[in-house]
Amino acid sequence: MTRHRLWVLLGAALLITACAKPGPGSGKAPAPAAKPAAQTAPAARNQKAATEADKPLTLTRLNEDGSETVEETTGDSGARNPLLAAVASTVAAATSSSAASAASGSWPEGSYTKIVPAQPTDVPTGQVEVLEFFWYACPHCYALEPTIVAWNKTKAAYITFARVPVLWEDGHRALARLYYTLVAMDKQDQVHQDIFKEIQSNNDPLISSGDPSNAAAAERMQLAFIRKLGLSDADFERNYHSLGVDTAMQRADQLVQRYRITAVPTFVVNGKYVADVSTAGTPERLVALINDLAAQEHKH
C-alpha cells in the first residue's frame, strides 16, 4: 500500500467514525450536521486518585507478535495524537487477513491503546468500568447508539457502564449540563434517545446555534424541549444549576482531560484501555473488543 493510499484511507476512517475536538482558535462548537463529513468537532474520589491522574501517560500499542510499542505523552500540547496512531495502525491492519485472528481473541495491532499507568476507576470491587465519551450533536455517536443500547442490555453483570459527555467548548458544556440535569432527575435513560433524535433528526440543536456561549438561551431551549416530553419544569429548573450537576460536570471534565479524549465516541475500559470504531474496525468488533478486555480485567 502506498503512503498516499494509507492517508486517504486514514482520512476516510476519521470522517466516518468520529467527531474530533475543535482545534485552538475555533471559537465555538460547530452546529450539529446531518452528514459526518461536516463535523470537526469528557474528581478523583480521593487525593491518591488525583495524584494518579496528574501523572504523565504512556500509550502502549499491542503488536501482533505479542510485543508492545510504547509512546510517551507529555501533555495535550505537543503530544502525539494516539487516535491518529491507532487509526493508522487499524487501516494498515485492514489490508491483511486479520479477521481470523480477531475472531480467535487475538486482536491485531492498533485495535486498542493501553494506558500506562492505569488510571483509578469509580466502581465497586469486582466490577469493570466501561466509559463512553460522547456528544449529543455528534452524528457518529448517534449512529453507534443502537449498538450500544443493545450491548448494554446483554453485557456481563460485572461491567459497570457509564456515559461521559465531553465539555470541550461552550456548546458541548451546554449539552453536558442537560445530560447531567436529567441524570439528577432520574430521567436520563428515559429520554436519552429523544435528545439524540431532537438534535440529529429534528435539527433542533438545543443550544443557541448563533452563540453557543449563550447559556441562558440554551437553558430556555432545553426547558421547552423537556416540556414537550412531559417532564417537570420545576424539577428541571431545580437541578439545572444545582451543586450536584456542577460537580458531575467537573468530574466529566477531569475524565476527558485524564484520558486525553480528542474525538467521540471513544471508550475506556477499566482505566487501562482506549478503543473506538476506528481502532476496532466496525461497531460489532468494538463491542466484541470491549467484552474481551472487560473479561480479561474481571479475571484479574
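Analyst: **Helix 7 and its surroundings**

The 13 residues of helix 7 span 17 Å between the first C-alpha and the last, close to the 18 Å expected at 1.5 Å a residue. Helices here are DSSP runs of H or I with at least four residues, strands are runs of E with at least two, and both are numbered from the N terminus. The expected span is 1.5 Å times one less than the number of residues.

This is a predicted model, in which local features need pLDDT of at least 70 and side-chain atom pairs count only at pLDDT 80 or more, while totals for chains, interfaces and linings use all residues. Residues are numbered from 1 along each chain as its sequence is written, and side-chain values use heavy atoms, leaving out hydrogens and water.

Of its 300 residues, 47% count as buried. Buried means under 20% relative accessible area, exposed means over 50%, and partly exposed is in between, using a 1.4 Å probe and protein chains only.

Which residues of helix 7 are buried? They are Gln 188, Val 191, His 192, Ile 195, Phe 196, Glu 198, Ile 199 and Gln 200. You will notice that several of these numbers sit three or four places apart. An α-helix has 3.6 residues a turn, so residues with that spacing point the same way. The buried residues of helix 7 pack against strand 5, helix 5 (139-154), strand 6, helix 6 and helix 8 (215-228).

Let us zoom in on one residue. His 192 is part of helix 7, and His 192 counts as buried because its relative accessibility is 2%. Not counting residues up to four places away in sequence, His 192 touches Phe 134, Tyr 136, Glu 145, Arg 163 and Tyr 179. Touching, or contact, means heavy atoms within 4.5 Å.

Two of those partners lead us to a pocket. Arg 163 and Tyr 179 are among the residues nearest the centre of the second largest pocket, along with Ala 162, Val 164 and Tyr 180, and its whole lining has 22 residues. Strand 5 (128-134), strand 6 (159-165), helix 6 (170-184), helix 7 (188-200) and helix 10 each give two or more residues to that lining. The pocket holds about 450 Å³ of space. By class, its lining has 13 nonpolar, three polar and six charged residues. Here Ala, Val, Leu, Ile, Met, Phe, Trp, Tyr, Cys and Pro count as nonpolar, Asp, Glu, Lys and Arg as charged, and the others, including Gly, as polar.

How is a pocket found? On a 1 Å grid over the protein atoms alone, a pocket is an open set of points with protein on both sides within 12 Å along at least five of seven lines, and lining residues have an atom within 4 Å of a point. Points are joined across faces, edges and corners, and the volume is the space filled by probe spheres set on them.

Most residues other than glycine have a negative phi. Asp 186, in the loop between helix 6 and helix 7, has a positive phi near 60°. Leu 206, in the loop between helix 7 and helix 8, also has a positive phi, about 60°. Are these two buried or exposed? Asp 186 is exposed because its relative accessible area is 68%, whereas Leu 206 is buried, at 0%.

Ala 184 belongs to helix 6, and Ala 184 is partly exposed because its relative accessible area is 43%. Ala 184 and Phe 236 are 52 residues apart along the chain, and their C-alpha atoms are separated by 8.9 Å. Leaving out residues up to four places away in sequence, Ala 184 touches Asn 239 and Val 245. Val 245 is one of the buried residues of helix 10, and others include Met 249, Ala 252 and Val 256. Helix 10 (residues 243-258) has 16 residues and covers 22 Å from first C-alpha to last, close to the 22 Å expected at 1.5 Å a residue. After helix 10 comes Arg 260, with a positive phi near 50°.

How values were computed: On a 1 Å grid over the protein atoms alone, a cavity is a set of points where a 1.4 Å probe fits but cannot get out, and a pocket is an open set with protein on both sides within 12 Å along at least five of seven lines; lining residues have an atom within 4 Å of a point.
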